[in-house]
Amino acid sequence: MRYKTKTLHLMDKSLINSRFREVVNLLLSRNLIKSKRELAEKLGVSSTKLSEILAERMNVSAEIIGKMFTLFPDIPLNVYFYALKTSGNTKERMIDELWEF
């Protein structure tokens with residue numbers, strides 16, 4: 001039996017923040033959350049703090065990512081911390097591929 005392998009690379013802080021924003025947008029587009037305000041409430045943070053993170057004025061904390069993992073256990077931690085080395089993929093497709101990992 002042959003297994004599909006993928007190369008993962010640990011991301012730096014700015015890419016983790018970017019990936020967090022992408023995940024939030026994906027959750028919104030797939031109607032897994034109704035609004036950013038709802039997500040902020042579920043995460044136990046103010047909507048202002050979430051807005052600051054999403055606007056790139058504040059870094060996402062490990063605590064918030066941990067809460068995201070608790071709220072959405074079907075999203076593997078790979079999605080937040082690792083990047084696939086592929087070319088020509090859209091961001092959403094890359095996230096979908098990591099979800100399948």
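**Close-up views of a predicted model**

The protein has an accessible surface of about 6,600 Å² (Shrake-Rupley method, 1.4 Å probe), and carbon and sulfur atoms hold 50% of that surface. This is a predicted model, in which local features need pLDDT of at least 70, side-chain atom pairs count only at pLDDT 80 or more, and totals for chains, interfaces and linings use all residues. Residues are numbered from 1 along each chain as its sequence is written, and side-chain values use heavy atoms, leaving out hydrogens and water.

**View 1. The fold comprises six helices and two strands.** Along the sequence the pattern reads β-α-α-α-α-α-β-α. Helices (H or I, at least four residues) and strands (E, at least two) are DSSP runs, numbered from the N terminus. Of the 101 residues, 38% are buried (under 20% relative accessible area, 1.4 Å probe, protein chains only; exposed is over 50%).

**View 2. Here helix 1 (residues 13-29) meets helix 3 (residues 47-54).** Their axes, lines fitted to C-alpha atoms over the stretch in contact, come within 9 Å and cross at roughly 115 degrees (on a scale from 0 to 180 degrees between N-to-C directions). Phe 20, Arg 21 and Val 24 of helix 1 make the contact with Leu 50, Ile 53 and Leu 54 of helix 3 (heavy atoms within 4.5 Å). Five of these residues are nonpolar, none is polar and one is charged; Arg counts as charged, while Val, Leu, Ile and Phe count as nonpolar.

**View 3. Now for the two sides of helix 4 (residues 62-71).** Ile 64, Ile 65 and Met 68 are buried. Seen down the axis of helix 4, these buried residues fall within an arc of 100 degrees, so they line one face of the helix; the arc is taken from the directions from the helix axis to the C-beta atoms. On the other side, Ala 62, Glu 63 and Thr 70 are exposed.
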